[in-house]
Amino acid sequence: MSSQTNAVEAQNQDQSAQAEKGAAPAGQMSKDAKNGGGVELDPGMKALSHVPVEIQVVLGTARMSIGNILNLGRGAVVEIDRKVGEQVDIQINHRPVARGEIIIVDEDRLGVTLTEIINIQAGLR
């Protein structure tokens, strides 16, 4: 059996194990999230419902000079502009859409609980 086949089988086993625990694979919504809110799409929008978008969770930012960046090495700490427990920003295609809190989904997975939805329409004007 090829290593590629083994990798696919391992991924399928991992997804099956997560499904049994109720967790969703990375990049997918859990059953609870799908049933917990959201909006009903009008027929014109259903055609767009399968278009993939990039979702980013931004923990914070830092501003550094190029000289300081070049001096970074293994073990260096970059201090960001957020404090422990502060909300993180959620962006879709680099546009802020929500804020949330980091949670532990599984023993080795992180997730984000949405706590605030940003008025997207106001940001598009």
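This chat walks through a predicted model of a protein.

User: Before we start, what kind of model is this, and how are residues numbered?
Analyst: This is a predicted model, in which local features need pLDDT of at least 70 and side-chain atom pairs count only at pLDDT 80 or more, while totals for chains, interfaces and linings use all residues. Residues are numbered from 1 along each chain as its sequence is written, and side-chain values use heavy atoms, with hydrogens and water left out.

User: OK, how many helices and strands are there?
Analyst: The protein has 4 helices and 4 strands, and from the N terminus on they follow the order α-α-β-α-β-β-β-α. Helices (H or I, at least four residues) and strands (E, at least two) are DSSP runs, numbered from the N terminus.

User: How much of it is buried?
Analyst: Of the 125 residues in the protein, 11% are buried, where buried means under 20% relative accessible area, exposed over 50%, and partly exposed in between (1.4 Å probe, protein chains only).

User: And Gln91, buried or exposed?
Analyst: Gln91 counts as buried, because its relative accessibility is 17%, and this residue sits in strand 2 (residues 88–92).

User: What does Gln91 touch, leaving aside its neighbours within four places in sequence?
Analyst: With those neighbours set aside, Gln91 is in contact with Glu54, Ile55, Gln56, Val58, Pro96 and Val97, and contact means heavy atoms within 4.5 Å.

User: New topic: how many salt bridges are there in the whole structure?
Analyst: A search of the whole structure finds 3 salt bridges, each being a side-chain nitrogen of Lys or Arg within 4 Å of a carboxyl oxygen of Asp or Glu. Side chains of opposite charge can pair when their charged atoms come close.

User: Which residue does Arg82 pair with?
Analyst: Arg82 forms a salt bridge with Asp89, and their closest N and O atoms are 2.6 Å apart. Asp89 also forms a salt bridge with Arg99, with the closest N and O atoms 3.7 Å apart. Arg99 lies in strand 3 and Asp89 in strand 2, so this pair ties together parts that are 10 residues apart in sequence.

User: Where does Glu116 come in?
Analyst: The side chains of Glu116 and Arg99 meet in a salt bridge (2.9 Å, N to O). Because Glu116 lies in strand 4 (residues 109–117) and Arg99 in strand 3, the pair ties together parts that are 17 residues apart in sequence. Salt bridges that share partners join Arg82, Asp89, Arg99 and Glu116 into one network.
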